[in-house]
Amino acid sequence: MADKIPTRDGFGKRIVELGKDNEKIFVMSADLEDATRAEYFRDAYPKRFMTVGIAEQDLVGTAVGLSMQGYIPVICSFAVFLTNRAYDMIRLDICYNDANVKIVCSHAGVTVGQDGASAQCLEDFALMRVLPRMRVVCPVDAIEAKKATDAIISADGPMYMRTSRGAFPVITKESDPFEIGKGVVLREGTDATVIACGIMVSSALEAAESLAKENISVNVINMHTIKPIDTDLIVAAAQQTGAIVTAEEHQVYGGLGGAVVEVLAQHYPVPVEMVAVQDTFGQTGAPQELLDEYHLSPRDIVAAVRKAVKRK
Amino acid sequence: MKEIDIQSLEEKAIVCRKEILQIIHSAACGHPGGSLSAVEILIALYAFGLRHDPKNPQWEERDRLIISKGHASPATYVVLANFEYFSKDEYPGYRKFGSILQGHVHRKVPGVEFNTGSLGHGLSVANGMALGAKMQNKDTRVFCLLGDGEIQEGSVWEAAMTAAHHNIDHVCAIIDYNKVQENGPVKDIKALEPLADKWKSFGWNVVDVDGHDYNSLQQGLDDFKQNKGKPFVIIANTVKGKGVSFMEGQSKWHGKAPNDDQLKKALSELST
């Protein structure tokens, strides 16, 4: 059984390590430094940490001002508060001004759990993906979250990274490569491809294992970058397997699935099934109960693969 | 106090007002009301408020100015051109395809620090710039021009609290208090008064000035240069559409271009 660690922990630890040598890194929060793990950085480098109180719009603007003085601000909150509440500021101050600001948000998806629908952000990929210049990353586990943290700091310009509250299985190794915009094939298969991100990747691997018993051979891709989407890998997977299933802890519209079908419709149409939240809000519950309720479990991926394969 | 040549600045203001109306007329759209109200504020800033160098707009030691009321692009561009940041040959391009003179304030124009256009953004950015400068032991001052209607945006008050909490005393907000917004008088739409007390209660030092009088503006800007311990706001009392009789105080001239006859009448008024 794999270890389970929230990806926010991977980010929180790595940003402290990066801050040791890179004095331009300036971490900011709107009173959620504890929950986002930005507090690790606050405790290590109090002079390069700032909270603006509960004021997400101000958080974005202040960060942008700091970036214009050469700092690399990393702003941390819950996904729902930054991407929804401060959208106009992210669009205009960060993206339109091409500011070198990194947005790192935890508490996305139904695995936020007991806090309920108000805190379960299910639209962050869609909101961030449509903004020019913004890149969107969702690491699969705590190890990948460290590498993604390195990548968003070293690349210039706007970045959005979704981290998790819930503990996700650790499925990658320290030695695995990570490059923004390059998906990773985790399991080779010939009958269908599951393209997943975040917690849905380990569920996809579980589904593939179970489908193998039915002699359905499934290719599994960890698509940790939702934008820029890895067009070449998606097209190659469609050519190789002829059917695609997308899986994400996000609304069915506009997220990873949306990005994948945009590629397929333009370059290589094949049958697609989308495992995602079906245009509804979440609710209070344990993460596993909610994954089951919103059809985000391995057995839902299994059903989607069978359906996609039948449509070939 | 720096000696200022009031007469030459007043002449500059007339030139700027005419050019503001001309570029809006030529674009057949734009925002004359809140541009005409901000002319003396902007001229004062570039004449004796900011440390700046038109020949080197990216000069590291310059003071910063964020135009948070990004619809005042005609005033911003025309004043920058009159301080020789760029050539007036660009004027016919205002609001036209391919021009550097974008509809709302944009960094394509030399001298512009930040792209704006959505209200309530500038003050947070100014705070961040000021904090960044301070951490690097620079004495950069950061100015932020806000509209009066703009401060109905809640984000302005988030920024006001941040500046006070962190004692950002090298930030100067300037409110173009022309008392009129797009759909009517500010006091009828959502009143700001008591405006000075609001800012004081938020922890700011406040001065009221006549935003069309250079001596008064200079007093306010000099007070800011001596300012310590708290952020500083200049409430510049102005007249919407200042200088053109039929535009003054009229909300309908917030965002409308003059036609040929109206332009002619306005230019003739400004010449006398």
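Asn167(B) sits in the loop that runs between helix 6 (154-165) and strand 3 (171-177) of chain B; helices (H or I, at least four residues) and strands (E, at least two) are DSSP runs numbered from the N terminus. Although Asn167(B) is not a glycine, its phi is positive, at about 50°. Asn167(B) has 13 other C-beta atoms within 10 Å and is therefore partly exposed. A residue is buried if 20 or more other C-beta atoms, placed from the backbone, lie within 10 Å of its own, exposed if 12 or fewer, and partly exposed in between.

This is a predicted model, in which local features need pLDDT of at least 70, side-chain atom pairs count only at pLDDT 80 or more, and totals for chains, interfaces and linings use all residues. Residues are numbered from 1 along each chain as its sequence is written, and chains are lettered from A and ligands numbered from 1 in the order in which they are written.

A positive phi, near 65°, is also found at Arg95(B), a residue other than glycine. Arg95(B) belongs to the loop between helix 4 (73-82) and helix 5 (122-135) of chain B. Arg95(B) counts as partly exposed because it has 19 C-beta neighbours inside 10 Å.

| Cis peptide bond | Omega |
|---|---|
| Lys227(A) to Pro228(A) | about 0° |
| Glu193(B) to Pro194(B) | near -5° |

Pro228(A) is placed in the loop between strand 12 (225-227) and helix 10 (231-241) of chain A. Pro194(B) falls in the loop between helix 7 (186-190) and helix 8 (195-201) of chain B.

Chain A contains 13 helices and 14 strands. Its radius of gyration, 19 Å, is close to the 20 Å that the globule rule gives for 312 residues, so chain A is as compact as a globular protein of that length. The radius is taken over C-alpha atoms, and the rule is 2.2 Å times the number of residues to the power 0.38. Along the principal axes, the C-alpha atoms of chain A fill a box of roughly 60 × 40 × 35 Å. Of the 312 residues in chain A, 61% are buried. Among contacts in chain A with a separation of 6 or more, 80% join residues 24 or more positions apart; two residues are in contact if their C-beta atoms, placed from the backbone, lie within 7 Å.

The largest nonpolar core holds 185 residues, of which Val194(A), Ala204(A), Val305(A), Cys144(B) and Ile174(B) touch the most other members. Such a core is a set of buried Ala, Val, Leu, Ile, Met, Phe, Trp, Tyr and Cys residues joined through C-beta atoms within 7 Å. Because domain 1 (4-169) and domain 2 (184-310) of chain A both give residues to this core, it lies between them; the domain bounds come from an automatic or database assignment. Leaving aside residues up to four places away in sequence, Val305(A) touches Ala192(A), Val194(A), Ala207(A), Leu211(A), Ile216(A), Val218(A) and Val245(A).

The contact between the chains takes 19 residues from chain A and 18 residues from chain B. On the side of chain A that touches chain B, helix 4 (56-67) and helix 6 (87-96) of chain A are the elements that give two or more residues. Helix 4 of chain A supplies the largest share of that side, eight residues.

The predictor gives the complex an ipTM of 0.97 and a pTM of 0.97. Chain B has a mean pLDDT of 97, with 99% of its residues at 70 or more; pLDDT is the predictor's confidence in each residue, from 0 to 100.
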